[in-house]
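The sequence and the structure come first.

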Amino acid sequence: MAVVTLGLKFLVDFLDKFGLIYKREVGSFLSYKLDKHQIILPPPTPHVTIDPSHIEGKRVLFIGDVHGCFDELKELCDKCTVPDQETVLVFVGDLVFKGPKTIEVIRFARETGAFAVRGNHEQSILAEILHKRMNEPVREKRKFVLDLSQEDEDFLENLPYSISIPSLNVIVVHGGLLPGVPLENQDPLGIMFIRNYQPDKFKGTSKIEDGYPWASIWSGPQHVVFGHDARRGLQLYKFASGIDSGCVYGNHLTGILVKDGVWDNRELIQVKAKQKYTPKDC
């Protein structure tokens, strides 16, 4: 499969060289389109980079899909923090919805200065926030947006599609990335929704039945930390780690802890869900 990916990358480079396609558009060319979705309230900074000085001498904790499971989030953070060393939190998106304490999770992330990327459920909640601002009806299961403060709304609206951490050689996204496509050319919807890659069709998809897990094909050089795929659960590949382990479905909340600034020394930390908050398993 890696050979196929390299072949596609060579083809893109070749066509770009002769002006037959343009790399700046290749993200849209390769990406799938979701007719029922559109970008709502796009972030002012689509791709954020964390300066090495911000995490120097600190622990870094990457946190999987929380989905409103605030008690488990607190337990995970308590397991991974120590009094004499600051811990930087980085969420892979989908902090919100499905679980019982979405507002508490949002405010915890905001008030602790955590980093987070935009997931498909943040995207959905932003649509309801837009309805709220326009005095339009909000869907019943999302009426908690009526209790969000302006600071909460701003936090969600500012979430980027990706976070790069050069000192760890890591990129954080919610869904995934299309192999062979530069980060700045990736389709924002694809970054939030992709689960699989279909190399024969030059596209990604959110359906796990079509193609292959995109992360199994991703060949680096950056290591990608992502969520969005609770059906598969924990995924550990050479250049990608999927840490959506289905806490909201009664499974686990997963974190990756880097204590010493060395990615290769990372530890996998999990806490068990206190209950099954939603019957769906996908």
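How many helices and strands does the secondary structure of the protein come to? There are nine helices and 14 strands, where helices (H or I, at least four residues) and strands (E, at least two) are DSSP runs numbered from the N terminus.

## Basis and confidence

This is a predicted model, in which local features need pLDDT of at least 70, side-chain atom pairs count only at pLDDT 80 or more, and totals for chains, interfaces and linings use all residues. Residues are numbered from 1 along each chain as its sequence is written, and side-chain values use heavy atoms, with hydrogens and water left out.

The pLDDT, which is the predictor's confidence in each residue from 0 to 100, has a mean of 88 for the protein, and 85% of the residues reach 70 or more. Over residues 15-35 the pLDDT is below 50, although this stretch has 41 contacts in the model beyond near neighbours in sequence; a contact means heavy atoms within 4.5 Å. Where pLDDT is low, the predicted coordinates should not be read in detail.

## Burial and nonpolar cores

Of the 282 residues of the protein, 53% count as buried. Buried means under 20% relative accessible area, exposed over 50%, and partly exposed in between, with a 1.4 Å probe and protein chains only. Among the contacts with a separation of 6 or more, 65% join residues 24 or more positions apart.

A nonpolar core is a set of buried Ala, Val, Leu, Ile, Met, Phe, Trp, Tyr and Cys residues joined through side-chain atoms within 4.5 Å. The largest one has 43 residues, and Ile63, Leu73, Phe91 and Leu156 have the most contacts inside it. At least two residues of this core come from each of strand 2 (59-63), helix 4, strand 3 (87-91), helix 5, helix 6 (120-133), helix 7 (150-157), strand 13 (252-258) and strand 14 (267-272). Apart from it lies another core, of 20 residues, among them Leu178, Ile191, Tyr197 and Val224. Ile63, leaving aside neighbours within four places in sequence, is in contact with residues including Leu73, Cys77, Phe91, Ile243 and Leu253.

## Helix packing

Helix 4 (residues 70-80) and helix 5 (residues 102-111) pack at an angle of about 35°, with their axes 9 Å apart. Axes are lines fitted to C-alpha atoms, for helices over the stretch in contact, and angles run from 0 to 180 degrees between N-to-C directions. On the helix 4 side, Phe70, Leu73, Lys74 and Cys77 meet Glu104, Val105 and Phe108 of helix 5. By class, this contact has five nonpolar, no polar and two charged residues; Ala, Val, Leu, Ile, Met, Phe, Trp, Tyr, Cys and Pro count as nonpolar, Asp, Glu, Lys and Arg as charged, and the others, Gly among them, as polar.

The buried residues of helix 5 are Thr102, Ile103, Val105, Ile106, Phe108 and Ala109, and they pack against helix 4, strand 3 and helix 7. In helix 7, Asp152, Glu153, Phe155, Leu156 and Glu157 are buried, and their cover includes helix 5 and helix 6.

## Strand pairing

Two strands pair if DSSP finds at least two bridges between them. Strand 10 pairs in the parallel sense, over three bridges, with strand 6 (residues 170-172), and likewise over three parallel bridges with strand 12 (residues 240-242). Val224 of strand 10 stands opposite Ile171 and opposite Ala240 in strand 12. From strand 10 (residues 223-226), His223 and Val225 point one way and Val224 and Phe226 the other, and all are buried.

An open sheet of three strands has the order 8-7-9, with antiparallel pairing. Its edge strands are strand 8 (203-205) and strand 9 (212-213), each of which pairs on one side only. Strand 7 (residues 196-198) and strand 9 are joined over two bridges, with Tyr197 opposite Tyr212.

Most residues other than glycine have a negative phi, and most peptide bonds are trans. Asp94, which is not a glycine, has a positive phi of about 55°; Phe97 has a positive phi near 75°. Asp94 is buried at a relative accessible area of 1%, and Phe97 is buried at 13%.

A cis peptide bond, with omega of about 5°, joins Gly220 and Pro221, and Pro221 lies in the loop between helix 9 (214-217) and strand 10.
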